[in-house]
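Hello,

Here is the structure I said I would pass on. My notes on what turned up follow below it.

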Amino acid sequence: MKLKFLREKRKISQLKLAVDLNMNQNSISRYENGQRQADYETLIAFADYFDVSIDYLLERTDNPKMNK
C-alpha cells in the first residue's frame, strides 16, 4: 500500500494522520508495514484523505485519480 509514501510526501506524522482519521498511531504503522490489512471503510478514508483512488492506494495503478 502507498500509505507511507503519501503520508511522507505530505510531511505528516503517523500520529497526525491517526488523529485526523480518528484512528490510533499503531494501526497506521501496521498498515504501512503490511502487518495489517485495511478494511473497505478504512481504504475509503485513506483515499479521501489523500485525494487518490483506492486503486492507486493499493498500487493497482500509477494514476492517482484513476477510477475515483
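Thr61 is buried in this predicted model, with a relative accessible area of 12%; the cut-off for buried is under 20%. The residue sits in the segment after α5 (54–57). Leaving aside residues up to four places away in sequence, Thr61 touches Lys2, Ser53, Asp55, Tyr56 and Met66. A polar atom of the Thr61 side chain also lies 3.1 Å from the backbone nitrogen of Asn63.

Next, helix α3, which covers residues 25–32. Its buried residues are Ser27, Ile28, Ser29, Tyr31 and Glu32, and they pack against α1 (3–9), α2 (14–20) and α4 (40–50). At the start of the helix, a side-chain oxygen of Asn24 comes to within 2.9 Å of the backbone nitrogen of Asn26. Just after the helix, Gly34 has a positive phi of about 75°.

On the rings, the count is 2 aromatic pairs. Tyr31 and Phe46 make an edge-to-face pair, 5.6 Å centre to centre with 80° between the planes. Tyr31 belongs to helix α3 and Phe46 to helix α4, so this pair ties together parts that are 15 residues apart in sequence. Both partners are buried: Tyr31 has 7% relative accessibility, and Phe46 has a relative accessible area of 0%. Tyr49 and Phe50 also pair, with ring centres 4.9 Å apart; their planes stand at 80°, so this pair is edge-to-face. Phe50 is buried, at a relative accessible area of 5%.

Regards

How values were computed:
Residues are numbered from 1 along each chain as its sequence is written. This is a predicted model: local features need pLDDT of at least 70, side-chain atom pairs count only at pLDDT 80 or more; totals for chains, interfaces and linings use all residues. Side-chain values use heavy atoms; hydrogens and water are left out. Buried means under 20% relative accessible area, exposed over 50%, partly exposed in between (1.4 Å probe, protein chains only). Helices (H or I, at least four residues) and strands (E, at least two) are DSSP runs, numbered from the N terminus. Contact means heavy atoms within 4.5 Å. A polar contact is a pair of N or O atoms within 3.5 Å; within protein, one must be able to donate a hydrogen and the other to accept it, and residues adjacent in sequence count only if both atoms are side-chain atoms. Rings of Phe, Tyr and Trp (its six-membered ring) pair if their centres lie within 6.5 Å; planes under 30 degrees apart count as stacked, over 60 as edge-to-face and the rest as tilted.
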